[in-house]
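Keep the chains in view as you read.

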Amino acid sequence: MTSNPDFIFRIYGDNVLECELFIDWLKQNLFSQLKFLEEVGPIDRPILIFEDILKHKILAFHMCPFYGGTKNSIWPNNPLVGIFDEKPDVLLVQVLENDTESKPLLVVEFDDALQAGNQSWQRSKRAINSARSQIPYFYVLPIIGWERDSEGIELKSPRYQNASITFGQLSLSTFYKIPSFQIYKKTPWAAHAKKLGHTLPKGFENFQGIESAIECACYFIRKSIYGESNLIKPNKAVRNIISEMLSVGSTYCDFSETSMPIHKSHPALLDTSSASEYFSKLILDGKNDEKSHYRLDNITAEYFFKNGTTFFKDAQTKTTSLNFRENVIAKLNWKPKATRKQKEMWLDTWGVKIPSNETPDTVILKNKDKIPTTYKEKKSEAALINNRKVFRQIIEKAYPNLSQDILDWIYSNKKSDEPIFFIPLYGYKPTGDSRPDRGLLPALFSLFPRLVTKKNTFVLVYSIHTPPNWEKILNQNSNELWNVIKEFSGLLIVDKTKSGVLIK
Amino acid sequence: MNLDKILQYVPLSHGEHGVDSVIHRVINKNDVLHEAYCNPPGASWSQIVIKDSLSNKYYSWDQIPRVPECAKRPDSIIQYNDGKDIYLLAIESKQKSSDSYKDMAKTLKNFFFGSGSYAGLFKRPAWHYSLDKGKSWTFINNEQHRYWINDKSQKIILYTGFTYAFNPEYYNDLNTFGKDKSYRELNSLLDESHVDFVLGMGWYGRKHNPFVMHTYSDQLSKTKFGMALKVGFVPLEI
């Protein structure tokens with residue numbers, strides 16, 4: 001057996017395969033600058049010994065697979081405690097001299113399949129947990145996927161990246177000044193998509209995210225043991241990753257169902273080279289005050305209203321109440337195909353008058369700060385609402401038994417100067433499953449961390465399948481859907497019971 | 001820092017996950033066996049990769065829909081090629097021996113060959129092939145080529161197996177392990193489950209080193225595949 005190493009790390013993995021994926025990163029010595037020496041210990045939980053080529057030290061990595069959930073870890077230590085609400089695929093800690101463990105040094109998620117539609121919200125909470133605790137987060141996923149028929153035999157259409165998740169991670173990276181990166185993996189589906197003329201990010205064939213991620217991951221490992229001042233920062237690798245994320249974001253933010261007007265006109269996307277440079281410095285140095293207009297996390301209410309679009313939320317008759325559809329969502333939804341009279345009435349509700357020489361469609365563009373405005377064209381999930389007074393009237397009419405303090409939270413003469421970030425949340429499918437909606441609030445917070453504040457976020461849970469005892473579940477803190485509502489919102493109303501609660 | 005001490009940082013339990021981890025690691029360290037699939041608890045569906053005995057290409061099935069009750073997706077698939085013949089061992093892995101069930105062999109086989117309206121793996125298209133054991137993949141344009149596995153010029157021999165952790169799974173002193181009793185249990189499971197391979201696993205000592213006992217049906221035992229499996233697990237035998 002090799003003489004004792006200088007530094008020891010534990011790779012906690014969801015299972016043995018995830019541990020090995022991370023070891024494979026370390027074994028790519030061109031990028032890791034680590035030389036594999038040998039493997040010791042039991043075959044199912046070995047220690048892999050490496051020489052650090054840069055510092056001539058011996059590093060040991062102990063594979064600790066199946067580290068269990070947040071409650072039932074099979075290992076004596078649980079590195080998730082106090083940081084993570086959900087378990088990431090791979091988490092690295094250092095074993096300290098007194099046999100204790102450091103806080104997680106980095107987290108990697110390895111996804112073989114691109115998540116479909118709203119399923120892509122699901123990892124947002126882990127990204128937030130990491131960023132808040134200053135833990136670098138790497139989410140490895142295929143550049144493109146492919147939908148099949150229900151039997152998996154016939155090919156349907158490509159499955160593209162969800163730009164809002166990409167922007168969310170970029171925003172977290174600069175908001176918390178720590179990497180929250182997407183790393184795009186090569187897949188044979190990309191070549192097939194290209195052949196058929198489907199949309200792919202420019203230059204995707206030359207993407208080097210994995211190589212850059214290995215370099216970054218090893219930098220953060222070294223930083224924990226040698227200190228930042230003794231290392232050369234991986235500026236080029238970080239720039240490369242951000243540049244690829246911006247490329248993916250700009251490709252898919254103006255695309256099909258995911259057109260995002262606030263983001264597609266953002267300075268970061270108009271000059272990706274300068275933005276990558278700026279982000280890299282901000283993330284690695286912790287400061288860079290020169291060009292803060294590139295920061296996606298800096299999107300303000302003013303910017304949102306200026307560049308956003310009219311709100312529309314789809315509400316199915318089978319799963320929502322008539323009250324919700326007619327007295328809430330119909331008052332917030334702008335319907336481009338409505339008659340002029342209907343549009344006039346809708347605008348009048350929001351206090352917008354139409355000059356004689358204008359039409360509702362032109363007036364609305366000049367008054368986005370007076371009506372519900374959103375970040376996504378066609379169907380959307382949330383709206384920023386400045387006119388709190390009108391919004392209070394709408395909610396009060398729909399839910400007449402709400403308490404005064406709830407209504408005052410929405411609007412009162414004494415306060416209410418900032419807009420409400422309103423999230424109508426479906427929440428429960430007929431089966432009782434709350435996925436993927438439990439990921440929506442974290443995904444929205446990632447996108448707009450300065451707007452989705454507890455002070456101004458209002459969640460309305462509207463599925464008719466919502467459990468009537470929701471308040472009890474909320475207070476038990478054991479359900480991830482209600483936990484995220486509690487964490488990110490200040491006001492919760494449940495359509496099913498027509499009641500609500502203020503959340504401190 | 002002391003490596004010996006670090007190796008004494010051990011899980012509080014091993015279970016099905018431990019069994020799957022050991023099998024995965026043993027197979028991947030063996031040059032003649034190919035791990036076509038590994039799905040330990042907590043893993044998300046990835047892909048099944050089978051090596052063609054004729055062309056030596058690796059073919060990938062990267063999506064299998066939910067499996068009905070009549071079939072069971074294996075936890076592990078081990079492959080051995082001999083001439084034109086493709087030998088596969090589909091393994092069901094469980095935490096304990098009492099988790100075995102009567103129809104195990106049948107439901108595992110149905111996963112490949114299908115049953116009723118359920119189309120098994122071999123009736124589904126492989127979408128990609130690789131010449132370098134999965135380092136890079138190529139999309140298969142030719143529809144007939146996607147169903148290469150049904151080519152009659154090669155023979156597929158499918159075996160089934162059951163693996164589990166002994167109860168108790170951990171022995172501070174290996175001398176306290178009931179070897180004869182466990183061997184009887186293995187053979188009894190082989191008969192009851194109608195599988196071709198049964199492997200029981202335990203862990204011992206301060207570092208929780210894994211150990212195995214295994215038994216084979218007559219059909220599998222006499223093949224080169226059976227021999228390769230036996231050789232693969234020799235280092236863990238007691």
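Q: Which residue in β17(A) does A:Leu492 stand opposite?
A: This is a predicted model: local features need pLDDT of at least 70, side-chain atom pairs count only at pLDDT 80 or more, and totals for chains, interfaces and linings use all residues. Residues are numbered from 1 along each chain as its sequence is written, with chains lettered from A and ligands numbered from 1 in the order in which they are written. Strands are DSSP runs of E with at least two residues, and helices are runs of H or I with at least four, numbered from the N terminus. In β17(A), the residue opposite A:Leu492 is A:Val501.

Q: In which sense do β16(A) and β17(A) pair?
A: Two strands pair if DSSP finds at least two bridges between them. Here β16(A) and β17(A), residues 499-502, have four bridges, and the sense is antiparallel.

Q: Which residue in the hairpin turn has a positive phi?
A: β16(A) and β17(A) form a hairpin with four residues between them. A phi of about 55° belongs to A:Lys498.

Q: Which strand does β16(A) run parallel to?
A: Four bridges join the two strands. In one place, A:Ile493 in β16(A) has A:Leu460 opposite. The parallel partner, residues 457-461, is β15(A).

Q: Are the residues of β16(A) that point one way and the other buried or exposed?
A: In a regular strand the side chains alternate between the two faces of the sheet. A:Leu491 and A:Ile493 point one way, A:Leu492 and A:Val494 the other. A residue is buried if 20 or more other C-beta atoms, placed from the backbone, lie within 10 Å of its own, exposed if 12 or fewer, and partly exposed in between. All four residues are buried.

Q: How far apart in space are A:Lys415 and A:Ser3?
A: In sequence, A:Lys415 and A:Ser3 are 412 residues apart. C-alpha to C-alpha, the distance is 67 Å.

Q: Which element gives the most to the side of chain B that touches chain A?
A: Residues are in contact if their C-beta atoms, placed from the backbone, lie within 7 Å. The contact takes 36 residues from chain B and 31 residues from chain A. With seven residues on the chain B side, the top contributor is α2(B).

Methods: Contact = placed C-beta atoms within 7 Å.
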